[in-house]
Amino acid sequence: MRPILAPLGKVRHVGETGAGHAVKAINNLLAATNLLAAAEGVAAGRRFGVDPGVIVETINAASGRSAATELKFPQNILPETYDSGFALALMLKDMRIATEMARSVGVPATLGEQAVELWSRAAAELDPAADQTDIARWVDRSRNP
């Protein structure tokens, strides 16, 4: 399958059948949880009077940096395009898969489950076609009516 999948991106063998699906779901759970935390942090900093761009630049020069602050905020959230190309509903689906998988093998996913709950609320309140980066708009709106 490697020659067929290679044009789509990096191919990494992670284990037996189903392992790739598990790792993808875990990765998306981590990415979504981080994006939510970054959105909350930037919203709090903005309310404190700090420019969101300055917040993101500063975080990216410090230990809090992540794909959310290095890519999604500068490319999709700060310019308010909210167009990363990955639907919020699909991210939520993967988050649920990851937390259910963790439960099925006896691993607590307390933070992941809390993130799923918040993303579920966002999904219920946003347009069904919302992009994953719309979570930042939701955080900003829901925490500051």
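For my notes on residue classes: Ala, Val, Leu, Ile, Met, Phe, Trp, Tyr, Cys and Pro count as nonpolar, Asp, Glu, Lys and Arg as charged, and the others, Gly among them, as polar. I also remind myself that this is a predicted model.

**Entry: the second largest pocket**

I looked up the second largest pocket and found a volume of about 160 Å³. It is lined by 13 residues, and Arg46, Ile77, Tyr82, Ala136 and Asp140 are the closest to its centre. I sorted the lining by class and got 9 nonpolar, no polar and 4 charged residues. H2, helix H4 (67-77) and helix H7 (134-142) each supply at least two residues of this lining, and H2 gives the most, with 4 residues.

**Entry: the largest pocket**

Next I turned to the largest pocket, which holds about 610 Å³ of space. Among its 20 lining residues, I noted Lys10, Val11, Arg12, Gly20 and Lys24 as the closest to the centre. Which element gives the largest share of this lining? I found H2 again, with 6 residues. The classes here are 7 nonpolar, 8 polar and 5 charged.

**Entry: H2 and H6**

The axes of helix H2 (residues 19-47) and helix H6 (residues 110-125) come within 10 Å and cross at roughly 65°. Angles of 65 to 115 degrees count as roughly perpendicular, so H2 and H6 are roughly perpendicular to each other. I noted the crossing of H2 and H6 as left-handed. On the H2 side, the contact is made by Leu29, Ala32, Thr33, Leu35, Leu36 and Glu40, and on the H6 side by Leu111, Gly112, Ala115, Leu118 and Trp119. By class, I have 8 nonpolar, 2 polar and 1 charged residues in this contact.

How values were computed: Residues are numbered from 1 along each chain as its sequence is written. This is a predicted model: local features need pLDDT of at least 70, side-chain atom pairs count only at pLDDT 80 or more; totals for chains, interfaces and linings use all residues. Side-chain values use heavy atoms; hydrogens and water are left out. Axes are lines fitted to C-alpha atoms, for helices over the stretch in contact, and angles run from 0 to 180 degrees between N-to-C directions. Angles under 35 degrees count as roughly parallel, over 145 as roughly antiparallel, 65 to 115 as roughly perpendicular and the rest as oblique. A crossing is left-handed if the near helix is turned anticlockwise from the far one by less than a right angle, and right-handed if clockwise. Contact means heavy atoms within 4.5 Å. On a 1 Å grid over the protein atoms alone, a cavity is a set of points where a 1.4 Å probe fits but cannot get out, and a pocket is an open set with protein on both sides within 12 Å along at least five of seven lines; lining residues have an atom within 4 Å of a point. Grid points are joined across faces, edges and corners, and a volume is the space filled by probe spheres set on the points.
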